[in-house]
Amino acid sequence: QVHLVESGGGAVQPGGSLGLSCAASGFTDFTFSSYAMNWYRQAPGREREFVAAITRAGDSTLYADSVKGRFTISRDNAKNMMYLQMNSLKFEDTGVYYCNAVHDGRGSWGQGTQVTVSS
């Protein structure tokens, strides 16, 4: 069972920046580089939504339209880490951000880290 731990959340003013990290561990049959990785978020009273994705090798990324040009997803397979750099934050970016690892159609989730954009 892959274990994912998010960190780096906090409170920030609109226009500010935050960097999130996701530490992965607990690999048995497969290594971290075997997992496609994603960030999701969930705002209060709303469904969890896709934010960004990165391929196993880190050579391709995908973003939700709402964060394109502001957020950058990356990974370091040697460190079993994934990152999300968030710039030009908006009120609507507020929510709990979750790390997600997918292999062969099966996903694992972290517990989430809270991001609050407020003036």
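The structure is a predicted model, in which local features need pLDDT of at least 70 and side-chain atom pairs count only at pLDDT 80 or more, while totals for chains, interfaces and linings use all residues. Residues are numbered from 1 along each chain as its sequence is written, and side-chain values use heavy atoms, with hydrogens and water left out.

Rings of Phe, Tyr and Trp (its six-membered ring) were taken to pair if their centres lie within 6.5 Å, with planes under 30 degrees apart counted as stacked, over 60 as edge-to-face and the rest as tilted. By this rule, five aromatic pairs were found. Among them, Phe27 and Phe32 are arranged edge-to-face, with 6.0 Å between centres and 65° between the planes. Phe27 also pairs with Tyr35 in a tilted arrangement, at 5.6 Å centre to centre and 55° between the planes. Tyr40, Phe50, Tyr98 and Trp109 form one aromatic cluster.

Burial was assigned by relative accessible area (buried under 20%, exposed over 50%, partly exposed in between; 1.4 Å probe, protein chains only). Phe27 is partly exposed at 23%, whereas Phe32 is buried at 2% and Tyr35 is buried at 10%.

A charge was taken to sit over a ring if NZ of Lys or CZ of Arg is within 6 Å of the ring centre and within 35 degrees of the ring normal. The charged end of Arg75 sits over the ring of Phe32, 4.4 Å from its centre, and Arg48 lies over the face of Trp109, at 4.6 Å from the ring centre.
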